[in-house]
Amino acid sequence: MNTEPRTGYQPLDAPHRPRYRSAPFVQRAGALVLDAVVAFVCVPVPVQVYFLLTGRGGLQCTWNDNTEVCLTDPADARLSRIMFWTLATVFVLAFSWAVSRRRTLGQAAVGIRVADATTGAPVSFGRATVRTLAMVVSLVPLGLGFWWALADRDRRTWHDLIARTTAIAV
């Protein structure tokens, strides 16, 4: 019988899972609703207010043989799209920055924060941006990615799984 210890063998350690309280679905939903209200106020409302104050962007209607024809000025439509997508990009970057600092306004209001799923540490701005953009993936199939938190053992959504993050109740 060989009594020499085996070399090169290392037992596999179980992955370290810090135990913290994952945010319940209702709390996450509350943060999402509040953040959606903030997004609505910060992106489309300023575009509409600009066009309302300047008198631009409305329909130009004319009558043509007892038929009303209404058209939008192509330059106004283009300006509207440029303003919307510029504000949306700024909002995504600001939202990602807030997530990388652990909390958006909605998350702060309901008492949750975003953290790395394995260590519980704050996430980088890059991972926060990936998480923010991945929210589209969670939203597109009828919001199934958000509802996934009800079925997931760790209460993580699809965008959390993609970015390797979690929402923690504080």
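User: In this predicted model, is Trp158 buried, exposed or partly exposed?
Analyst: The relative accessible area of Trp158 is 23%. Buried would need under 20%, and exposed over 50%. The value of 23% falls in between, so Trp158 is partly exposed.

User: What is the relative accessible area of Trp148, and which class does it give?
Analyst: Trp148 has a relative accessible area of 35%. The limits are under 20% for buried and over 50% for exposed. With 35%, Trp148 is therefore partly exposed.

User: How many aromatic pairs does the structure hold, and how are the planes of Phe91 and Phe95 set: stacked, edge-to-face or tilted?
Analyst: The structure holds five aromatic pairs. In one of them, Phe91 and Phe95 sit 5.8 Å centre to centre, with 35° between the planes. Stacked needs under 30 degrees and edge-to-face over 60. The Phe91 and Phe95 pair is thus tilted.

User: Which helix holds Phe91 and Phe95?
Analyst: The two residues are four apart, about one turn of the helix. Both Phe91 and Phe95 are buried. Their helix spans residues 74–100 and is α3.

User: What is the angle between the planes of Trp148 and Trp158, and which helices does the pair tie together?
Analyst: Trp148 and Trp158 form a tilted pair, 6.1 Å centre to centre and 50° between the planes. The parts that the pair ties together are 10 residues apart in sequence, because Trp148 lies in residues 144–151 and Trp158 in residues 158–163. Those helices are α6 and α7.

User: How much space lies in the largest pocket, and which residues are closest to its centre?
Analyst: The largest pocket holds about 850 Å³ of space. It is lined by 31 residues. Closest to the centre are Leu32, Phe95, Met135, Leu139 and Phe146.

User: Which element gives the largest share of the lining of the largest pocket?
Analyst: Elements giving two or more residues to the lining are α1 (25–42), α3, α5 (125–139) and α6. The lining divides into 24 nonpolar, four polar and three charged residues. The largest share is nine residues, and it comes from α1.

User: Where is Gln27 found, and which backbone oxygen does the side chain of Gln27 reach?
Analyst: Gln27 is found in helix α1. Gln27 is buried, with a relative accessible area of 18%. Beyond its neighbours within four places in sequence, Gln27 is in contact with Arg21, Val110, Gly111, Ile112 and Ala169. At 3.4 Å, the side chain of Gln27 reaches the backbone oxygen of Gly111.

How values were computed
Residues are numbered from 1 along each chain as its sequence is written. This is a predicted model: local features need pLDDT of at least 70, side-chain atom pairs count only at pLDDT 80 or more; totals for chains, interfaces and linings use all residues. Side-chain values use heavy atoms; hydrogens and water are left out. Rings of Phe, Tyr and Trp (its six-membered ring) pair if their centres lie within 6.5 Å; planes under 30 degrees apart count as stacked, over 60 as edge-to-face and the rest as tilted. Buried means under 20% relative accessible area, exposed over 50%, partly exposed in between (1.4 Å probe, protein chains only). On a 1 Å grid over the protein atoms alone, a cavity is a set of points where a 1.4 Å probe fits but cannot get out, and a pocket is an open set with protein on both sides within 12 Å along at least five of seven lines; lining residues have an atom within 4 Å of a point. Grid points are joined across faces, edges and corners, and a volume is the space filled by probe spheres set on the points. Ala, Val, Leu, Ile, Met, Phe, Trp, Tyr, Cys and Pro count as nonpolar, Asp, Glu, Lys and Arg as charged, and the others, Gly among them, as polar. A polar contact is a pair of N or O atoms within 3.5 Å; within protein, one must be able to donate a hydrogen and the other to accept it, and residues adjacent in sequence count only if both atoms are side-chain atoms. Contact means heavy atoms within 4.5 Å.
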